[in-house]
Amino acid sequence: MKVLKLMFKNAFRHKLRTSLTIVGIAIAVVAFSLLRTVVTVYNAGVDASAADRLITRHAVSFIFPLPYSYKDKIQQIDGVELVTPLNWFQGVYIDKDQFFARLAVDPETVFKVYPEFILTKEELDNFKKERNSCVIGIEIAKQYNLKIGDIMTIDGDIYPGRWDFVVRGIYKPKDKTIDGTQMFFQYDYLNERLEAESPMRANEIGWFAIKIKDPNRSAEISVKVDKLFKNSSAETKTETERAFQQGFLSAVSAIITALNYLSFIIIGIILLVLANTMIMAARERTREYAVMKTLGFSAKHLVGLIMGESLLISILGGGLGLLLSFPVVDGFGQAIPKGMFPIFYIEPITIILAVTAALSIGIISSIFPLLKALNTKIVDGFRFVG
Amino acid sequence: MAAIIKVKDINKSYQRDNFEVPVLNNISLDVEEGEFLALMGPSGSGKTTLLNLIAGIDKPDKGSILVADTDIAKLSESELAKWRSHNVGFVFQFYNLIPVLTAFENVELPLLLTNLTKKERKEHVVAALTLVGLEDRMSHYPKQLSGGQEQRVAIARAIVTDPVIIVADEPTGDLDKKSADDILLLLERLNSEYKKTIVMVTHDPNAASKAHVQRHLDKGDLV
Ligand SMILES: Nc1ncnc2c1ncn2[C@@H]1O[C@H](COP(=O)(O)OP(=O)(O)OP(=O)(O)O)[C@@H](O)[C@H]1O
Ligand SMILES: [Mg+2]
């Protein structure tokens with residue numbers, strides 16, 4: 001199209017104004033990408049929770065332990081495929097800022113209930129054999145440069161004392177949505193020491209994960225489990241893993257919802273910024289458009305000229321924003337504690353949304369000035385005084 | 001000699017707020033081919049309105065306007081646009097150049113609507129700018145030119161498509177005496193050497209004296 005050159009020249013007629021608009025769009029796109037990433041990553045965590053897994057915890061609160069002996073009783077219930085106990089260990093590795101999940105588990109069952117953590121047969125066998133062995137996620141191995149056979153020393157806080165673990169397995173997450181930053185070690189290692197040092201705390205477990213045969217029976221089985229321990233000293237509360245995760249993060253959930261709305265409000269703000277620039281520009285050029293129409297240029301040309309300019313600015317701003325989004329989101333992912341959002345990356349859908357938003361904004365912003373230019377009669381255009 | 005422009009019984013009024021303001025009352029006017037006509041009259045008498053109707057950038061409420069045998073009052077918007085680009089060259093009081101385009105690009109603008117190649121366009125643009133004496137100012141932007149030079153670029157833009165008629169609305173209205181004389185000389189040359197029919201609106205008796213025919217408008221009537 002021959003008016004292309006004029007379109008480019010128009011776009012950069014006010015260099016400062018156009019640059020500010022582009023930077024404004026870019027910042028908004030970065031903010032959008034960051035917010036969307038937080039939202040999608042959070043939702044991915046919830047979605048990744050399996051529908052065929054139940055979590056049984058203490059009825060009063062997550063922080064009260066359950067007797068280890070519940071394991072065998074739950075296993076007897078009809079519809080239960082496999083039960084595995086898990087216990088939050090925490091402790092300090094290197095220093096307090098190194099935050100990732102450290103759990104005491106049952107090596108015989110844990111990876112059967114959690115098949116999304118992939119381990120070779122050899123690694124699993126070694127993990128089962130050695131009392132103080134541990135398995136770590138590949139992300140943790142990378143971050144701390146740990147190899148099979150290395151010793152991890154953890155300073156206990158919930159369970160005081162010095163704990164040495166030897167890495168016997170490095171698991172790979174099944175896909176991007178699975179957390180690769182956990183550490184598992186043998187519950188027996190913990191329990192034996194508790195029996196010796198503080199027997200009151202021995203033979204207790206944080207929660208049970210239950211793999212069920214048929215996800216459709218989750219409600220029924222949950223009721224059965226809780227009924228089993230009704231009126232005991234430690235009543236239970238059983239729910240699907242998804243409900244458990246959402247409940248665990250319910251406070252976060254409200255914030256996430258707010259972020260979700262905010263990300264779209266930002267899109268609205270960019271729309272206003274660009275629309276404002278375009279309206280100002282078109283207003284200043286009222287006479288010029290009248291001249292072009294006088295010379296015989298048609299609606300098609302004006303659409304190319306005005307919508308083209310708007311799209312050019314939105315594409316430049318959107319492109320710059322996307323380019324900046326990757327390092328910014330990455331940096332944000334590094335800055336927050338590892339365990340908070342174990343997986344932090346820009347989802348393709350975020351990119352698609354940002355690109356779509358930028359393009360739509362380019363088109364929508366040009367509609368008003370375009371209609372104005374098209375509907376202004378030539379004689380009125382010449383009489384217009386800015 | 002045949003009349004190239006035949007304005008017959010046209011009326012034109014504009015809507016202002018809720019009532020009609022009559023601007024032209026039953027105007028008829030013939031312009032011979034090759035004529036240089038000056039339209040004069042007090043401010044608000046309807047000179048610009050009449051010129052716009054002849055040039056096809058506005059339409060009469062009633063009556064016909066034949067230009068080279070085409071009744072332009074009957075054309076649709078898009079037909080008119082096409083017709084203008086082939087038949088009319090425009091010169092305005094305030095030049096109306098596009099500020100982000102160079103003199104060359106401004107003159108080239110109407111040629112973008114033709115099928116000419118880039119090379120052919122260049123030849124036409126250079127010829128037009130040479131005719132107005134600005135062959136050494138081709139890459140200048142409007143703000144780097146004087147008012148008189150800007151108006152000469154505008155004249156080059158008006159003639160580059162080789163139109164049948166040239167309309168000029170107070171082409172010297174914003175210029176000093178010397179520049180105004182240059183512009184008038186140029187219009188006279190276009191008329192005498194290139195046989196262009198010119199309709200010029202002006203307030204200035206000196207400018208009007210260069211034309212062959214002077215017509216006066218008063219409150220919408222030709223006198
Ligand atoms: N597009 C328009 N909308 C409304 N009124 C208009 C329009 N164009 C002209 N008029 C009115 O029509 C009348 C004639 O205007 P016109 O511009 O033709 O006068 P003119 O003779 O060219 O005056 P001047 O010498 O001041 O340029 C004026 O009263 C003007 O206000
Ligand atoms: Mg006028």
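## Basis of the description

A residue is called buried when its relative accessible area is under 20%, exposed when over 50%, and partly exposed in between, using a 1.4 Å probe and protein chains only. By that rule Tyr144(A), with a relative accessible area of 14%, is buried.

The model is predicted, so local features need pLDDT of at least 70 and side-chain atom pairs count only at pLDDT 80 or more, while totals for chains, interfaces and linings use all residues. Residues are numbered from 1 along each chain as its sequence is written, chains are lettered from A and ligands numbered from 1 in the order in which they are written, and side-chain values use heavy atoms, with hydrogens and water left out.

## Nonpolar cores

A nonpolar core is a set of buried Ala, Val, Leu, Ile, Met, Phe, Trp, Tyr and Cys residues joined through side-chain atoms within 4.5 Å. The largest such core has 84 residues, and Leu305(A), Ile5(B) and Leu50(B) are those with the most contacts inside it. Its largest share, 11 residues, comes from helix 2 (residues 15-48) of chain A, where helices (H or I, at least four residues) and strands (E, at least two) are DSSP runs numbered from the N terminus. Apart from this core lies another, of 39 residues, including Tyr70(A) and Cys134(A).

## Aromatic pairs

Rings of Phe, Tyr and Trp (its six-membered ring) pair if their centres lie within 6.5 Å, and planes under 30 degrees apart count as stacked, over 60 as edge-to-face and the rest as tilted. Over all chains, a search of the whole structure finds 22 aromatic pairs. One of them is edge-to-face, joining Tyr93(A) and Tyr144(A) at 5.1 Å centre to centre with 80° between the planes. This pair links distant parts of the chain, since Tyr93(A) is in strand 4 (residues 92-93) and Tyr144(A) in helix 6 (residues 138-144) of chain A, 51 residues apart. Tyr93(A), at 7% relative accessibility, also counts as buried.

The ring centres of Phe165(A) and Phe185(A) are 4.5 Å apart with their planes at 45°, so this pair is tilted.

## A buried aspartate

Asp106(A) lies in the loop between strand 5 (102-105) and helix 4 (110-113) of chain A, and is buried at a relative accessible area of 9%. Leaving aside neighbours within four places in sequence, Asp106(A) is in contact (heavy atoms within 4.5 Å) with Tyr68(A), Lys71(A), Thr84(A) and Pro85(A).
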